[in-house]
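I opened my notebook to write down a few local features. Here is the structure I was looking at.

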Amino acid sequence: MTRAAAVHDHTQAHVEEMVADLDRLVRLETPSNRRDLLEAALPEIERYAVERLGAPAARVQHDGGSRGDVLDLTWAGSPGLVGTVLVLCHYDTVWPEGTVACWPLTRDGDVLTGPGVLDMKAGIVQAVWMLRALRELDVPHPSVRLLLTGDEEIGSVAGRPHIEAAAAESLVTLIPEPSAAGDVKVQRKGMVFADLTVRGVESHAGLDPDAGASAVHELAGLIPAVVALADRERGTTVNVGVVTGGSGRNVVAGVATCEVDVRVQDPDEARRVADALEALAVSDSRCTLEVVVDHNRPPMNPSPRTEEILELVRRTAADLGETVGTQAVGGASDGNFVAALGLPVIDGLGGIGAGPHARHEHITVSGLPRQTALMAGIVELLATEARG
Ligand SMILES: [Zn+2]
């Protein structure tokens, strides 16, 4: 029997404080591309955590350059227990400055809406209350390390090395990203982005059509080959999301571009698709093709250790009188980096709701105690393991 049920009750008793905390964090606007706002918000987030948990035993802040800084806070575990659980959160959101003025945190019964509430400010609040509950209830727990990154929504260039290093030093990485309707996420697709640019020769479409070489026509001819790289059986999807080109109806187009989004479950597929994209060729020798491939995130697949920790998730859920399933999703997170190293990661432990990145983004207030208790149960059972 875990103490997850006790954590659930504790959190339930403090759920109004959690909502107030969430309001505090949602007010701090943190669009990924605004270094100034991220820089202003991070000390406030730290102040919040310290108010609730006291000063951490260790604190490191890493310069994010043009992106948000990474804040690494560790609170010591119970005496005699070794090991650390990493709770990975991003504090950036996709919402631009000014959103909160017209859309503040709003409650309607059990539903709480607001920019970034699900993705993933509720996750930060849950992580803080999980540790607060473990301490107040005297539940033995390993050290808890909270890593706050500021560029998850734009690819985690600044966050990635710190995420990978911290995960490698931890028993497990727990990520309170949005839950899949109460289930956890152990499989996510990897992302490959590609930009194709065709350059042709401009001419007058009526007076001099043969003097031109249309970049638009060339690109249109290439797109079926791009789309055909999808392989549903292997979990590979391809989307040509944006196409631009040409300057006028009566001009043979000089330039055309497209933006391609590829999702893969099998790491080998990222290589296959990238190679195929780079091998594409134009049919008119007067045109040129440039292909830029960005291996944005590797796919997340569960390691054997992740499977073992899923057993702890299921035991905790059973103690709460619930069941928790596992989901494979197309969207990527920073968990992809952790899993690609073969390290255990349980993702999707955050808010229960819907609409991340959308105007109907929301969580349920009733989901907060359950999700907080679920995380706490995993941490507690890891402590039991750590004791041997
Ligand atoms: Zn997120």
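**Entry 1: ground rules**

I am working on a predicted model, in which local features need pLDDT of at least 70, side-chain atom pairs count only at pLDDT 80 or more, and totals for chains, interfaces and linings use all residues. Residues are numbered from 1 along each chain as its sequence is written, and side-chain values use heavy atoms, with hydrogens and water left out.

**Entry 2: α2 against α5**

I started with two helices; helices here are DSSP runs of H or I with at least four residues, strands are runs of E with at least two, and both are numbered from the N terminus. Two packed helices are described by the angle between their axes and the distance between the axes. What angle do α2 and α5 make? I noted about 130° for helix α2 (residues 15–27) and helix α5 (residues 117–136), with the axes 10 Å apart. The axes are lines fitted to C-alpha atoms, for helices over the stretch in contact, and angles run from 0 to 180 degrees between N-to-C directions.

I therefore wrote down α2 and α5 as oblique to each other. The scheme counts angles under 35 degrees as roughly parallel, over 145 as roughly antiparallel, 65 to 115 as roughly perpendicular and the rest as oblique. The crossing of this pair, α2 and α5, is right-handed, that is, the near helix is turned clockwise from the far one by less than a right angle.

Next I looked up who meets whom, with contact taken as heavy atoms within 4.5 Å. From α2 I listed E17, M18, D21, L22, L25 and V26, and on the α5 side V117, K121, A122, I124, V125, Q126 and W129. By class, the contact of α2 with α5 has 9 nonpolar, 1 polar and 3 charged residues. For the classes, Ala, Val, Leu, Ile, Met, Phe, Trp, Tyr, Cys and Pro are nonpolar, Asp, Glu, Lys and Arg are charged, and the others, Gly among them, are polar.

**Entry 3: α2 against α3**

I then turned to helix α3 (residues 35–53), whose axis comes within 10 Å of the α2 axis and crosses that axis at roughly 160°. That makes α2 roughly antiparallel to α3. This crossing, of α2 past α3, is right-handed. Here E17, D21, R24 and L25 of α2 meet E44, I45, R47, Y48, E51 and R52 of α3. By class, the contact of α2 with α3 has 3 nonpolar, no polar and 7 charged residues.

**Entry 4: D347**

Is D347 buried or exposed? I found D347 in strand β16 (residues 345–347), and D347 counts as buried at 0% relative accessibility. Buried means under 20% relative accessible area, exposed over 50% and partly exposed in between, using a 1.4 Å probe and protein chains only.

Which side chains make polar contacts with the D347 side chain? I noted R188 at 2.7 Å and S333 at 2.6 Å. A polar contact is a pair of N or O atoms within 3.5 Å; within protein, one must be able to donate a hydrogen and the other to accept it, and residues adjacent in sequence count only if both atoms are side-chain atoms. Not counting residues up to four places away in sequence, D347 also touches others, including I175, E177 and M300.

**Entry 5: V186**

V186 lies in strand β8 and counts as buried at 8% relative accessibility.

Most residues other than glycine have a negative phi, and most peptide bonds are trans. I found a cis peptide bond joining D119 and M120, with omega about -10°; M120 is in helix α5.

A181 has a positive phi of about 55° although it is not a glycine. A181 sits in the loop between β7 (172–175) and β8 (184–188) and is exposed, with a relative accessible area of 69%.

H357, also not a glycine, has a positive phi of about 70°. I placed H357 in the loop between β17 (353–354) and β18 (362–364), where H357 is partly exposed at a relative accessible area of 44%.
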